[in-house]
Amino acid sequence: MRRWSFRRASRGLTIGALFSRKTPAAARRAPARAPKETPSRGIFTRRALALMGLQTAALGALGDRLYRLQVSDGRKYATMADNNRISTRLLAPPRGRIIDRFGATLGGNKVNWRALLLAEQTTNVQGTLDRYSAILPLDDRERARIDRELKHGRKFIPVVVQDFLSWDDMARLEVNAPELPGILIDVGTTRLYPQGPTLAHVVGYVAPPNERDVAKDADLALPGMRIGRAGIEQFHDLALRGTPGSVQMEVNSVGRVMRELDRREGQQGKTIGLTVDLGLQQAVLSRIADQAASAVVMDARNGEVLAMVSTPSFDPSLFDSGVSQQQWAEWTADQRTPLINKAVAGVYPPGSTFKPAVAMAALQAGTLTPGDRITCRGYIDVGGARFHCWARYGHGSIDLHQGIKFSCDVFFYEVARRTGMDPIAATAHVFGLGTKLGIELPHQRTGSIPTPAMRRAEGHHWNGGDTINAGIGQGFVTVTPLQLATYASRLATGRMVQPHLTRSIDEALQPTMNPDHWPALPMPEDHLQALRSGMYAVVNEPHGTAPKARLPLAGVQMAGKTGSAQVRHVSRYARESGHFDSSKLPWEFRPHALFICFAPYDNPRYAAAVVVEHGNAAAEVAAPLARDIMMDTLTRDPVNHKDAPGQKVADAI
Amino acid sequence: MISQKRLLRAEPSFRFLAKLWRISWLYVLLICVLAGVGYGALYSADGGSAKPFAGPQSLRFGFGLVLMLGVAMLSPRVLVRLAWPLYGLSLLLLAAVLHMGHVGKGAERWLIIGGMQVQPSEFAKIALALVLAAWFHRAGHKRMGNPLFLIPPAILVLLPVGLVLKEPNLGTAVIIGAVGASIFLAAGMRLWQIAILIAPVPFLAKFAYGHLHDYQKARITTFLHPESDPLGAGYNIIQSKIALGSGGMWGQGYLHGTQGQLNFLPEKQTDFIFTMIAEEWGLVGGLTVMGLLLLIIMGGMLMSMRCRHQFGRLLGLGISMNFFLYCVVNLSMVMGAIPVGGVPLPLISYGGSAMLTVMFGFGLLLSVYVHRDASFGENEGNA
């Protein structure tokens, strides 16, 4: 064994030496101090240098790759990183308000509270729920739903324990908060209808959206979003919905929210101002009381619907959280049909209220002049069938004015016979009867004014008697109360007004409120005046059919027309025996009582139509009701209405 | 025979302080800087706290530093004698781990010895470098030309490679093989011999692919098409690339790397720590760390070249190569250049046994440098 010694290296290793192909220069220059250099060292140095080159090249290549990943393609990966970490959630915007013409809230939002359970904040979920139900009872179904959602959901995503909590409930939970770890109180909104059933059919209601709605508009999936299911809520649903806000949150790899990055509040839905006058609506409703009836009051000059009543009604607030099975069954089984807006979806034979339209058709067709006289003997024989007048012994020789005043059936049988069905239908359509109106309500029905061609297309025969029956608004003629009100408005003002409910959207008044927006009817003024004077006589002249409709006001007269629509055929035997009394029939077989009217007679401003289902006698039931409604309308005239902000805005335009 | 102990005691006038003076303190500083970078990265991986990674890791580094300096004091003579026992021990541990090791994430195996996780494959690389250096130490240039002389060291390489392959840990096996091969190369193996060895490699690779485990095949497939399985096996590669990309030129700022801080980045404290550094410090930070690693590798290579005895040269080269391969495999992995395999970034990634073996290796390297001029068995037959 050789003893090994340690020698100080006087010269360090230079770079030149490293790259020499031969043995290091130091060794050559000082052979005595470095006794022997070996081929092995030379080979080692060369190969080590080669390896160093390789290592440098490898790290260089990696550096280049890093450059490409971080800088050249950096933007692409940075976007992917943001997609990873930023989770955008949409916030449900508050739904727009619905107000009446004077600004009273008809549909608004109410803050409500809901209890949420955040499972990760409690060690004993079931214990928390047990204590919770000791404060606010949870039924078994709710418990099962909560358990199901807890099982499927992630621990940091809260589960709704109970929704629609009142202030009291919320307060009780807050007081007991220390005993309820994991329970959070969250604020949401519910749709509020402060007027309840008063305007339920017009305003409509909202309900949670279903899967099909969500498929059409993903925004509806947001918790708290509601969709309009009836009335204005449905018609103006898109405007009322608003624009969702969004909140951007940074989430980690398992989806937990770390912080809020950005929040953009949503935009509340538009405020829809209705033409309806809440005070008038309430007044009309109280006049109708508990009858199953429908009444429409319109501004005859521009078609604004001031009141639209359909009784019985329902509470629209119940739909917001979902209607119970029991409540639904109760509503749908009721033969007085509370869920149906009778004003637009109830169809009735117009009865005698149709007579002015028939007369107008004849005047237009030239088959009748205002001075023509027709003799009523109490019946008329057409094509082998006998048609009776309501007055058993007839009205004698009468002209148009008297025909309307007495509501003589024979007069209009004869007029209809002379004129034929097609002109009658055409004129009725111009008046809005049996047509689709521009009202902003879904589910409206059009009724129908049948013509021979229509009936034949449906595979029926058209007999001459059908035209005769149509002359007094019976047979196949059906209309809605809103059509009757429109008919009365058009007749009163000679303008082609369309009934409408939207007065303003976000305070922007609609052009429809201007009477000049509506074109004149294609009817001569003297013909219209002949009808109006007949309707004036109905109410105001001796022996008119509706003396009870006379207004107890000095200087203001109302014109109107009664109508009774049979729902059941009255046999000739029953009629001729003289013992027939419809008031003794069961309720559902009694005739409907109808009345159309407008006032003031000399300068028509308001028109109304009243239909009392199975009201039996129009003159006794519908006419006084219409008078009261018109009284309310006239005394609430916005001109006299001192605090009428809506009207002031209108005047300013 | 004179006893070994006596010989050791008879060591010359080479005093402890003098040895300490000869340590390359610049190199030690480089290592400390890299470990500091690792501490900072782990602090960020903890979300801005010293627990649970950064604190314990710095303690281990302190221990490793002492170990490194201690090993640096050992003379080549002692190291040569330790080579064979250490190699035998490493084979034993590798065999033991096959029978009673713990398996994690499909591949890494470790033993628990005295409450500490030990990965024998890490240790095997150092032991292999030692034993190969010892074997080739006395081989003259002529002897290297004899193919029969190369067979025993080849077996020395193949034994640990085979055992590690059986674990199965393909990545580490390749690193062990490459460390062995680089020592063969540097020891003066003839170029024609190398050519003969390399020629059949493509065929062997094809044959080997057929014997790969399913998870290894999956790694190769997802490496080639990471987007084919974004939530499964490709997830790590994609998230790592996303994190690198979102770092950009200047980074998102320390402690503000979104991918890392929000845990989208998998294994951010171990395998993917470089990704996290590059996300928070950008390309500038990434290249700085890579430059630091290159400095350490080049320093190691230069120190081995400076050594006058073949044992030291080969040992230093083997350890530098080992460190280099570690870095390259880890960096390529996080950049999606090679399939993912649990190879940490030395000195930066969290992990005790890797840290200790790396520091042990640096200790050997420093020992080579300290004893660079020792005349130690230079008996070249043809000098």
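Buried means under 20% relative accessible area, exposed over 50% and partly exposed in between, with a 1.4 Å probe and protein chains only. Helices (H or I, at least four residues) and strands (E, at least two) are DSSP runs, numbered from the N terminus. In this predicted model, strand E14 (residues 379-382) of chain A shows alternating side chains. A:Ile380 and A:Val382 point to one face and are buried.

E14(A) pairs with strand E15 (residues 385-388) of chain A in the antiparallel sense, over four bridges. Two strands count as paired if DSSP finds at least two bridges between them. A:Asp381 stands opposite A:Arg386 in E15(A). The two strands form a hairpin with two residues between them. A:Gly383, in the turn, has a positive phi of about 55°.

## Basis of the model

This is a predicted model: local features need pLDDT of at least 70, side-chain atom pairs count only at pLDDT 80 or more, and totals for chains, interfaces and linings use all residues. Residues are numbered from 1 along each chain as its sequence is written, chains are lettered from A and ligands numbered from 1 in the order in which they are written, and side-chain values use heavy atoms, with hydrogens and water left out.

## Chain A overall

Chain A has 25 helices and 21 strands. Of its 653 residues, 52% are buried. Contact means heavy atoms within 4.5 Å. Among contacts in chain A between residues at least 6 apart in sequence, 72% join residues at least 24 apart.

## A five-stranded sheet

Five strands of chain A form an open sheet in the order E12-E11-E21-E20-E19, with antiparallel pairing. Strand E12 (305-310) and strand E19 (559-565) are the edges, each pairing on one side only. Neighbouring strands are turned by 5° against each other on average, direction ignored. E19(A) pairs with strand E20 (residues 592-599) over seven bridges. There, A:Ser564 has A:Ala593 in E20(A) as its bridge partner. Helix H22 (residues 525-540) of chain A packs on the sheet and touches E19 and E20. The direction of H22 makes about 75° with that of E19(A). Axes are lines fitted to C-alpha atoms, for helices over the stretch in contact, and angles run from 0 to 180 degrees between N-to-C directions.

A:Ala293 lies in strand E11 (residues 293-299) of chain A. A:Ala293 counts as buried because its relative accessibility is 0%. Its C-alpha atom is 5.4 Å from that of A:Glu613, 320 residues apart along the chain. Beyond its neighbours within four places in sequence, A:Ala293 contacts residues including A:Ile288, A:Val309, A:Lys342 and A:Val611.

## Helices H5 and H6

The axes of helix H5 (residues 125-135) and helix H6 (residues 140-152) of chain A come within 12 Å and cross at roughly 150°. H5(A) and H6(A) are therefore roughly antiparallel, a term for angles over 145 degrees. Among the residues of H5(A) that meet H6(A) are A:Val125, A:Leu129 and A:Ser133. On the H6(A) side, they include A:Arg143, A:Ile146 and A:Leu150.

## A buried histidine in chain B

B:His309 is in the loop between helix H15 (273-306) and helix H16 (310-334) of chain B. B:His309 counts as buried, because its relative accessibility is 0%. A polar atom of its side chain lies 2.9 Å from the backbone oxygen of B:His371.

Key:
Polar contact = N/O pair within 3.5 Å; in protein donor to acceptor, adjacent residues only side chain to side chain. Parallel < 35°, antiparallel > 145°, perpendicular 65-115°, else oblique.
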